[in-house]
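Trainee: Could you take me through one part of this model closely? I would like to look at the nonpolar core and what surrounds it.

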Amino acid sequence: MDKEMIHHLKATIWIGKRGCTDVMIDEIKRQIKDRKVIKVKWLRNTEIDPEAIAAAAGADLINVRGRTMVLAERTSRRSR
């Protein structure tokens, strides 16, 4: 996926003040399964680790910019 396509993606997941919960991870997994690539944004006052979220969701972390990350369906078959 090129930068132009990533730029035009709209965020479909918003992480709020509670942070990234298990329910949020399940929703990320569901959306990645349906859409293949999703954009996730989070609040300014919420600290998250994008790599940890990608690992928990079983996704590839494509890009992180500011408070926005792009996740994609995992392409390699790594065992977890």
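Mentor: The largest nonpolar core has 16 residues, and Ile15, Ile28, Ile53 and Leu71 have the most contacts inside it. Such a core is a set of buried Ala, Val, Leu, Ile, Met, Phe, Trp, Tyr and Cys residues joined through side-chain atoms within 4.5 Å, where buried means under 20% relative accessible area with a 1.4 Å probe, protein chains only. At least two core residues come from each of strand 1, helix 2, strand 2, helix 3 (50-57) and strand 4. Helix 2 gives the most, with four residues. Helices (H or I, at least four residues) and strands (E, at least two) are DSSP runs numbered from the N terminus.

This is a predicted model, so local features need pLDDT of at least 70 and side-chain atom pairs pLDDT 80 or more, while totals for chains, interfaces and linings use all residues. Residues are numbered from 1 along each chain as its sequence is written, and side-chain values use heavy atoms, without hydrogens and water.

Take isoleucine 53: leaving aside residues up to four places away in sequence, Ile53 touches Ile15, Cys20, Ile25, Ile28, Ile48, Met69 and Leu71, contact meaning heavy atoms within 4.5 Å.

Now the strands. Strand 1 (residues 11-15) pairs with strand 2 in the parallel sense over four bridges; pairing requires at least two DSSP bridges between two strands. Isoleucine 15 stands opposite tryptophan 42 of strand 2. On its other pairing, strand 2 runs antiparallel to strand 4 (residues 68-73), joined by five bridges, with valine 70 as the partner of lysine 39. Five of the six residues in strand 2 (residues 37-42) are buried.

Technical notes: Buried < 20%, exposed > 50% of the residue type's maximum accessible area, 1.4 Å probe, protein only.
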